[in-house]
Amino acid sequence: PPPADWRDAPRTPGDWRLTSPGIASFADGVFGIRCNRASSTISLFRSGAASAPVSLTISTSDTTRALTARPVSGGVQVDLPARDGLLDSMAFSRGRFAVQAQGMQPLYVPSWTEISRVIEDCR
């Protein structure tokens with residue numbers, strides 16, 4: 001059975017990689033973060049299949065927020081203002097954060113420096 005607390009779940013296998021300035025990918029594209037300078041937003045991407053908007057919940061060591069992600073090619077995406085506090089919570093979460101998208105396996109993503117680099121590129 002899944003653990004009662006997401007913090008007790010094993011980390012999703014994979015590493016973060018900066019693919020280009022302002023873009024970082026985790027586990028070969030299973031999750032990603034991208035700076036959109038022109039609109040001062042940051043996109044969070046979760047691979048998977050969805051034909052309609054889905055609930056995407058981000059849980060960090062100090063906050064949990066449910067967002068509505070729209071279907072895009074290869075997955076779902078949500079755009080946040082570059083100064084949204086949730087992004088800081090992801091970057092500074094104690095070791096990891098959880099990404100739970102409706103109808104998809106949860107991800108337990110390490111909060112490595114690549115996240116901070118993308119956020120800072122956008123601010």
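Is D28 buried or exposed? D28 counts as exposed, because its relative accessibility is 75%; here buried means under 20% relative accessible area, exposed over 50%, and partly exposed in between (1.4 Å probe, protein chains only). This tour returns to D28 after an overview.

The model is predicted: local features need pLDDT of at least 70, side-chain atom pairs count only at pLDDT 80 or more, and totals for chains, interfaces and linings use all residues. Residues are numbered from 1 along each chain as its sequence is written, and side-chain values use heavy atoms, with hydrogens and water left out.

**The whole protein**

Begin with the complete chain in a cartoon view. The protein contains 2 helices and 9 strands; these are DSSP runs numbered from the N terminus (helices H or I, at least four residues; strands E, at least two). Along the sequence they follow the pattern β-β-β-β-β-β-β-α-β-β-α. The C-alpha atoms fill a box of roughly 45 × 35 × 25 Å along the principal axes. Of the 123 residues, 46% are buried.

Next, switch to a surface view. The accessible surface comes to about 6400 Å², and carbon and sulfur atoms account for 50% of that surface; the areas come from the Shrake-Rupley method with a 1.4 Å probe, and for residues only the protein chains shown count as cover.

**The sheet**

Return to the cartoon and select the strands. They form an open sheet of 9 strands in the order β1-β2-β3-β4-β7-β6-β5-β8-β9, with antiparallel pairing; two strands pair if DSSP finds at least two bridges between them. The edge strands, β1 (16–20) and β9 (107–110), each pair on one side only. Neighbouring strands of this sheet are turned by 30 degrees against each other on average, direction ignored. Axes are lines fitted to C-alpha atoms, for helices over the stretch in contact, and angles run from 0 to 180 degrees between N-to-C directions.

Now select helix α2 (residues 113–122). Helix α2 packs on the sheet and touches β1, β2 (23–26), β3 (31–36), β4, β8 (96–101) and β9, where contact means heavy atoms within 4.5 Å. The direction of α2 makes about 20 degrees with that of β3.

**Strand β4 and its partners**

Select residues 41–47, which form β4. Because 6 of its 7 residues are buried, β4 is largely enclosed by the rest of the structure. Strand β4 is joined by 7 bridges to the antiparallel strand β7 (residues 75–81). Within this pairing, I42 has L80 as its bridge partner, and F45 has Q77. Strands β3 and β4 pair in the antiparallel sense over 6 bridges; there, R46 of β4 is the bridge partner of F31.

Move to the hairpin of β3 and β4, which has 4 residues between the strands. S40 lies in this loop and has a positive phi of about 55 degrees although it is not a glycine. S40 is partly exposed, with a relative accessible area of 42%.

Then select D28, the residue of the opening question, in the loop between β2 and β3. D28 also takes a positive phi, near 55 degrees.

**S59 in strand β5**

Select S59, which lies in β5 (residues 54–59). With a relative accessibility of 5%, S59 counts as buried. Not counting residues up to four places away in sequence, S59 touches W6, T64, F97, A98 and Q100. The side chains of S59 and T64 are joined by a polar contact of 3.4 Å. A polar contact is a pair of N or O atoms within 3.5 Å; within protein, one must be able to donate a hydrogen and the other to accept it, and residues adjacent in sequence count only if both atoms are side-chain atoms.

**Helix α1**

Finish with helix α1 (residues 85–92), where L86, L87, S89, M90 and A91 are buried. D84 caps the N-terminal end of α1, with a side-chain oxygen 2.8 Å from the backbone nitrogen of L86. F92 is also found in this helix, and at 61% relative accessibility F92 counts as exposed.
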